[in-house]
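User: I have a model to go through with you. Let us take it in short questions.

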Amino acid sequence: MTFFHDLQKVLRQNIREYGMYIALFVIMAIFTVLTNGVFLSARNMSNLINQTGYIAVLAVGMTLVIVIRQIDLSVGFLAGFLGAIAAIAMVQWLWPVAVVIPFVLLLGVIAGLISAFLIAYFGIPSFVATLAGWLIYRGLLLQVTAGTGTIIIPDAIFNAIGNGYVPDLPIPGLDFIVGHKLTLLLGAIGIIAYIFGEINGRRKKQAYGFEVLPPAIFVLKLVFIAAVLALVTWVLAGYNGLSWTALIVLVVVGIYSFITTRTVLGRHIFAVGGNPEAAELSGISVKRITYIVFGSMGLMSALSAILFTSRLQSATTTAGTLFELDAIAAAYVGGVSAAGGVGSVFGSLIGALVMGSLVSGMNLMGVDISMQYVARGLVLAAAVIFDATTRRRGG
Amino acid sequence: MSEDIILDIQNVTKRFPGVTALSDVSIQIKRGEIHGLCGENGAGKSTLIKILSGVYPYGTYEGKVIYDGSELKLEGGSIRQAITEGIAIVYQELTLVPNMTVGENVFLGKEPSENGAINWDKLYAETRDILRKYQLDVAPQAVVRHLGVGKMQMVEIAKALSENAKILILDEPTSALAEAEIEKLMEILETLRSHGVTCIYITHKLDEFFRITDSVTVLRDGKTVTTQPTGNLTKEKLVSYMVGREMKERFPKGNRRPGEVIFEVNDLHAIDPNDNSRHVLNGVSFDLRRGEILGIAGLMGSGRTELVTTIFGEYGKITHGTIKLEGQEVEMTSASDAMHKGVSLVPEDRKRQGLVLMQSILKNISLANLDQFSKFFRIDADAELAASLQQAKNLAIKAPNLLVACDSLSGGNQQKVVIAKWLLSNPKVLIMDDPTRGIDVGAKYEIYKLMNELTEKGVSIIMISSELEEVLGMSDRVMVMHEGASTRILDIREANQERIMALATGIAEN
């Protein structure tokens with residue numbers, strides 16, 4: 001019985017960390033049952049990921065913004081505006097895609113740095129500074145699309161970013177493998193890397209005498225996560241494989257996870273969020289961190305703009321509406337704390353998937369849009385209540 | 001005789017899962033006396049206060065508390081009931097609303113009103129009456145933000161007294177006060193005593209027990225060791241009751257041999273960076289030798305903290321004067337700049353300025369020195385851990401492991417983490433701003449020992465302290481500050497409390 005006792009203990013101790021995974025699992029299970037399995041179909045999963053992508057990258061950037069105790073309301077319409085600029089550059093100025101994408105990304109970074117300048121240099125509260133940005137970018141979006149209305153993008157390469165799939169490996173003689181081989185290969189590499197990483201980390205912790213999970217629980221965790229990864233890989237490989245959007249999101253989350261957990265910059269960002277004064281006195285420039293975090297937020301806004309514009313294959317006058325709030329909601333569902341210093345990039349990705357699954361599932365079931373908003377609001381409230389109550393017990 | 005006793009704590013035991021915080025504690029407190037409560041951190045003082053204020057309500061502890069003749073039965077959830085019963089607490093951390101006036105703060109939550117509108121005249125008149133009755137020298141209309149810490153404390157006391165408190169519990173009221181303000185507080189307590197208010201007085205500063213209390217109860221490991229009239233006690237006795245053994249000396253003897261001058265400050269003037277008209281330093285000069293401890297004494301607001309944060313490049317704008325490190329004139333523009341040049345600062349307030357409380361010991365120790373462990377921005381976790389473990393071992397930080405969050409540590413251990421962080425940068429000059437504030441006798445002793453070890457290795461220490469005994473016990477020389485300027489540097493052999501106070505208050509010029 002020690003196994004179940006251990007399991008109970010581990011779950012109770014880590015309920016905050018595991019809570020959102022459990023939530024995602026429960027939501028997906030419920031919709032799978034309610035839609036007779038359509039929800040978990042390869043096609044729907046693929047769509048879900050592509051639809052969540054442009055919010056997920058915003059949520060990743062927003063995580064860091066909230067971690068340093070700030071907020072950015074301007075990102076939605078900034079993304080809309082930058083999407084319009086991308087469309088205009090391609091359609092009216094006839095710039096090649098290879099130039100348009102870095103150009104838009106650069107504009108995003110500059111926009112983020114402007115917000116940071118208002119916040120760090122003038123000391124304006126980020127809520128107000130970025131609310132001004134919200135108004136300005138909305139106005140600019142309407143301005144640049146005023147003459148044309150919706151701008152249709154004819155460029156196939158650009159449109160593939162939001163709709164296309166990574167082509168398969170042209171390996172002859174492997175035709176007996178059913179499905180998208182590259183996706184299967186990446187999935188296998190991912191699973192092996194995960195298992196090795198976990199075992200290695202556990203060994204190191206033991207060597208230093210830190211507490212580790214009991215062996216049985218550890219194996220259970222490995223098997224469970226590896227199984228989930230395998231399932232996702234298999235489902236995706238059975239359809240068109242990995243979409244470009246999914247690949248971009250994975251790379252972004254991977255890079256941001258690495259930065260936040262393994263680098264000096266990441267440590268500094270979380271220290272500034274946890275206690276700005278102590279961080280400053282420890283030789284960390286809070287202003288510099290503010291510039292970096294808002295610059296990264298601008299970059300993510302631009303990436304979101306590219307993903308969204310490409311997905312719609314056009315720039316519209318209302319693009320980006322409410323993106324900022326979806327991203328903030330995703331970050332909170334993913335466990336960031338408004339008090340600063342707490343949050344994880346991966347958590348926010350899960351948060352975005354939770355919110356995305358709700359929309360996707362309810363759409364499949366034909367739930368009216370009005371009730372969709374209510375349901376999303378309730379889930380957000382529940383997530384934050386859960387967070388607050390488990391935190392109190394932990395402290 | 002029994003009507004003398006206002007508070008009779010009888011065999012109180014309070015258990016938490018795994019720990020017994022109080023075991024069989026009995027204390028009798030006489031009406032109108034000032035009763036000192038003494039003990040190291042973790043001895044059970046705060047648990048006792050939480051029982052008296054209703055944070056741990058009636059029924060969650062064993063034993064009885066007889067208050068004013070009947071058993072005290074507080075419900076949980078709010079300290080409101082304790083206040084209505086007449087038990088008020090002045091906390092170490094002040095709990096005032098800074099942007100409100102003194103009167104508004106005193107009557108916060110119980111504003112006198114007529115038909116839903118606040119009667120401001122009545123509020124201020126009553127505030128004035130309370131302040132006058134207990135000779136508290138604050139203006140009812142003053143905005144709290146503009147008051148010094150000492151005056152804020154008075155407002156706290158007025159707030160407690162406005163509820164007709166019979167027992168006033170003061171939890172380390174002087175930890176943020178300078179000598180003159182402490183003197184004033186002692187006068188206020190005398191006034192309270194003459195008005196028949198009973199006080200329970202908690203402090204880490206032993207001399208205060210002898211200055212003000214009528215009797216003292218010592219707690220150790222959740223048990224009452226003794227209750228005695230203060231007149232029967234000596235400091236040495238008190239310390240031995242607290243730690244449970246004889247402690248021969250409070251300040252360990254170091255084997256210091258100060259060498260050549262390593263750090264010089266010459267006629268430093270500086271202004272507040274946010275307010276150019278405010279002069280915070282008006283001519284400070286001193287030198288510091290290798291392996292020396294230079295104590296800086298001065299009242300709150302004398303510019304002690306401003307001096308060190310200005311040197312450290314984090315606060316004042318230097319308008320005149322020079323700073324020399326190892327003979328070279330230097331300018332430190334930020335904390336990281338100062339650190340790279342070999343100057344480190346253990347800041348005044350460890351929770352606010354020293355630590356990221358929610359993060360682990362490991363992350364806090366390495367925070368200022370991550371460059372040492374990183375290649376191409378990536379942190380080498382093994383190197384980080386090894387270096388932090390070494391520091392934790394050298395400083396004898398007591399914790400289950402280094403992944404424990406700092407907010408669960410005791411004050412002394414937290415301070416050690418802050419010191420460890422700065423030692424990792426191998427400073428030549430270590431500035432310590434009130435390094436033992438609010439930590440218990442045992443941890444203080446360990447920090448003093450550490451300071452001795454560092455100076456023996458050639459580190460030079462500048463130590464600011466509000467406790468004169470500490471300044472006298474640890475320094476080689478003492479610089480006294482008054483109104484933003486250095487007055488005189490006394491050799492330890494010519495320094496004593498009276499001389500320092502005379503210089504600090506401006507009574508003596510030299």
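User: What share of the 510 residues of chain B count as buried?

Analyst: This is a predicted model, where local features need pLDDT of at least 70, side-chain atom pairs count only at pLDDT 80 or more, and totals for chains, interfaces and linings use all residues. Residues are numbered from 1 along each chain as its sequence is written, chains are lettered from A and ligands numbered from 1 in the order in which they are written, and side-chain values use heavy atoms, with hydrogens and water left out. Buried means under 20% relative accessible area (1.4 Å probe, protein chains only). By that rule the share in chain B is 55%.

User: How much area do chain A and chain B bury between them?

Analyst: Buried area is the accessible area (1.4 Å probe) that two parts lose on being put together, summed over both. Carbon and sulfur atoms carry 61% of it here. The total is about 2,400 Å².

User: Which residue of chain A meets D382(B) in a salt bridge?

Analyst: A salt bridge is a side-chain nitrogen of Lys or Arg within 4 Å of a carboxyl oxygen of Asp or Glu. The count between the two chains is three. In this one, N to O is 3.6 Å. The partner of D382(B) is K204(A).

User: How many residues does chain B give to the contact?

Analyst: Contact means heavy atoms within 4.5 Å. Chain A gives 24 residues. Chain B gives 34.

Terms used:
Buried < 20%, exposed > 50% of the residue type's maximum accessible area, 1.4 Å probe, protein only.
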